[in-house]
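Please look through the sequence and the structure below.

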Amino acid sequence: MPADTVDVDFIQPRRLAGGGDPAWITVPLHDACGWSHGHDPLAPCVLLSSPDQQALLRVEPDLDGRWWTLQHAPAPKRPAWIANFDARTPVEIIAAFTDALTDPTADRADHKDPRKPLLDAGWSAVYRNSRLISPDGTVRVEADEPTGAWRVDIALRSFRTLLWQAHFSEHTPPHLITAFTAALADPRPVARTAGPSSLPTRDANLITVSRQEVPATQVASALPDRVRALAARRAAAPPEPGLPARRTSGTRRTR
């Protein structure tokens with residue numbers, strides 16, 4: 001393999017690709033979206049706070065627990081809410097949620113149905129559409145109709161051993177959950193450089209791994225390109241009434 005290329009595994013479906021690099025989420029939040037960073041002196045974790053101090057993302061290494069926790073304070077007409085993601089949740093799927101959260105043009109009153117992207121992708125609905133199951137049977141998405149809370153379970157066999165889970169509490173904005181379910185059903189592969197040994201399964205009946213030699217510059221530029229795109233999105237948005245125009249930061253990497 002030439003020295004200026006990198007072996008990259010492109011994996012489908014993305015939900016079985018493993019967690020990936022947390023920087024795919026934390027760096028854009030800090031460098032492009034203006035979230036401030038801190039740390040818990042008593043624990044090996046990362047804390048990121050939104051510019052308005054309404055949202056707090058806690059990233060705490062725990063392979064068997066909820067690595068990612070996003071808490072949002074009460075807002076007008078919406079009580080506080082919380083979202084959790086386990087360590088093996090692919091960062092690309094979590095990023096769809098955080099990208100929607102930080103989108104300055106998003107309609108906060110949008111009541112999209114999180115089921116729609118899954119139904120459009122051919123998922124099966126049971127229990128009066130309160131539960132949806134992926135075509136390969138590895139994912140179960142369930143809504144608690146009385147409360148509006150949602151749960152996502154990913155497993156290989158009969159859901160006895162879960163690979164990862166995501167939880168969205170009551171009052172989580174529906175358009176954010178819909179962004180997550182759309183990414184969950186997205187058929188496009190995701191890239192991994194750690195090798196197939198790091199995947200939760202190598203069952204050829206469940207995943208497809210395509211290894212390609214990719215220019216090292218392309219691999220190195222993927223995150224900076226993402227930061228620039230999100231920073232441009234933020235810079236292009238009009239300032240909120242009564243607030244000064246926002247400044248965007250550079251693309252330095254802080255973790």
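The paragraphs below start with the pocket, go on to a helix that contributes to it, and end with paired strands.

The model is predicted. Rolling a probe the size of a water molecule over the atoms shows where empty space is left. The largest pocket has a volume of about 1100 Å³. It is lined by 39 residues, of which W24, E92, A191, R192 and A222 are closest to its centre. By class, the lining consists of 22 nonpolar, seven polar and ten charged residues. At least two lining residues come from each of β1 (5-12), α1, α2 (91-101), α4 (174-185), β12 (190-192) and α5 (216-236). The largest contribution is that of α5, with eight residues.

Helix α1 spans residues 23-31, and eight of its nine residues are buried, so the rest of the structure largely encloses this helix. The buried residues are A23, I25, T26, V27, P28, L29, H30 and D31.

The strands β3 (residues 46-49) and β4 are antiparallel and are paired over four bridges. Across this pairing, S49 is opposite L56 of β4. Five residues lie between the two strands of the hairpin, and Q53 there has a positive phi near 65°.

Strand β4, residues 55-59, has A55, L57 and V59 on a covered face, whereas L56 and R58 are on an uncovered one.

Conventions: Residues numbered from 1 in each chain as written. Predicted model: local features only at pLDDT ≥ 70, side-chain atom pairs only at ≥ 80, totals over all residues. Heavy atoms only, no water. Buried < 20%, exposed > 50% of the residue type's maximum accessible area, 1.4 Å probe, protein only. 1 Å grid on protein atoms, 1.4 Å probe; cavity = no way out; pocket = protein on both sides within 12 Å on 5 of 7 lines; lining within 4 Å. Points joined across faces, edges and corners; volume = space filled by probe spheres on them. Nonpolar A, V, L, I, M, F, W, Y, C, P; charged D, E, K, R; others polar. Pairing = 2+ DSSP bridges.
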